[in-house]
Every structure is written in structure tokens, then in C-alpha cells.
Amino acid sequence: MVSTNDLKSGMAVDLPEGLFQVIEHQHVKPGKGKAFVRTKLKNLETGAVLDRTFRAGEDLPQAIIDRQDHQFLYRDDLGFHFMDAGTYEQISVPSGLVGDAANYLVEGMIVQISKHEGNPIGIDLSASVELKVTHAEPAVKGDRVSGATKPVTVETGFIVQAPLFVDDCDVIKVYTRSCTFITRIT
């Protein structure tokens, strides 16, 4: 159990509605009445965000989230398959749980899998990943504005907007939070 006075961003709580992660919290002490804690919670199964107010000092059941590094192996009809590098144990994660991270997963990539009571609940990628460009239209000289971009397809099949100088077989760095091009590696 954890007191609402001790809540911190990133903590997980197990409410009757499901498993939630604290995004924001604010302790409010009005001039009249009792203090309360205003929170913004993210459902770890669905991703929905919920605004909730608790009495100050109220106890909530704290959920223990275990985060471990796993290596991505392959994707098939059952979902995405990962291996724990320490124990060589393989786990399968459903496609719905992987979400947008699927656009960046390359075989051999190390990701962090969050588990609650032994069940995977989410995947965390690094802030940026390096991906090889498999298809890029040639740049056309002529009418363009400074900083023009073109769509390029990377090895995962995902399309990223990149500058005109990016060609086939280049390796580019992509920011995973906003799906944007950062730099060309080679």
C-alpha cells in the first residue's frame, strides 16, 4: 500500500478499474476543507488517461512493475517473440501490447519489457533507433523550399519523412517518440 501523499510520477497503482501509472500528481490544500491529491493516471492495458482525485493520506494498493531487457527475435501470427538475455527464456507478446513500437523493432534489438505479476504489460524502446533505408525516391532538383523532405521506407516497412539527401541503403537515426528523422549515420 502507498499513501496518496507519497505518490510520484511513474509509480504504478492497482485500482479496481485496472493497473494505472501515475503521470501527474498535485497535492492541493484549499483554504477551507480537507487536503486532496489530484492525479492524472494512464491505464497500462488500454493506454487511456484518467483524471482522478483522492483524499490526502488515503492508501492505494501499489503495483510492482518489473522491467527487464529482452532481445527481439521475430514476429509471427502469435505476436512478437523476445528472449531474456540472462536466462534465455523466450516470451511472446501480443501485437496489441506492442503498439507503435512495432514500427521500430529489428531482429536483435534490445528493448525493455515491463511485467506485472509475470505478465507483460508494455514495451519501452530507447529514445532513438538506427534503421536501414530500403527504399528512397531519388531527390529531384528544382522547385523546393529549404529543408524539404521525402518519404523513405526503412527495413521494418515503416515510412519516415527524411531530407532529400537520404538514399537507399543509408542508415538513419529516428526519434521513436515522434517518428521523426534525426540524422544520417552512413
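1. Glu17 counts as partly exposed, at 47% relative accessibility; buried means under 20% relative accessible area, exposed over 50%, and partly exposed in between (1.4 Å probe, protein chains only). This is a predicted model, in which local features need pLDDT of at least 70 and side-chain atom pairs count only at pLDDT 80 or more, while totals for chains, interfaces and linings use all residues. Residues are numbered from 1 along each chain as its sequence is written, and side-chain values use heavy atoms, with hydrogens and water left out.

2. Three salt bridges are present in the structure (a side-chain nitrogen of Lys or Arg within 4 Å of a carboxyl oxygen of Asp or Glu). One of them joins Glu17 to Arg52, with 3.4 Å between the closest N and O atoms. Because Arg52 lies in strand S5 (residues 49–55) and Glu17 in the loop between strand S2 (12–15) and strand S3 (18–28), the pair ties together parts 35 residues apart in sequence. Strands (E, at least two residues) are DSSP runs, numbered from the N terminus. Arg52 is partly exposed at 25% relative accessibility.

3. Arg67 pairs with Asp124 in a salt bridge whose closest N and O atoms are 3.9 Å apart. Arg67 belongs to strand S7 (residues 65–76) and Asp124 to strand S11 (residues 119–124), so parts 57 residues apart in sequence are tied together. Arg67 is partly exposed at 39% relative accessibility, as is Asp124 at 34%.

4. Asp170 and Arg184 form a salt bridge, the closest N and O atoms being 3.5 Å apart. Asp170 sits in the loop between strand S14 (159–163) and strand S15 (171–175), and Arg184 in strand S16 (residues 180–184), 14 residues apart. Asp170 counts as buried at 10% relative accessibility, whereas Arg184 is partly exposed at 36% relative accessible area.

Technical notes:
Helix = DSSP H or I, 4+ residues; strand = E, 2+ residues; numbered from the N terminus.
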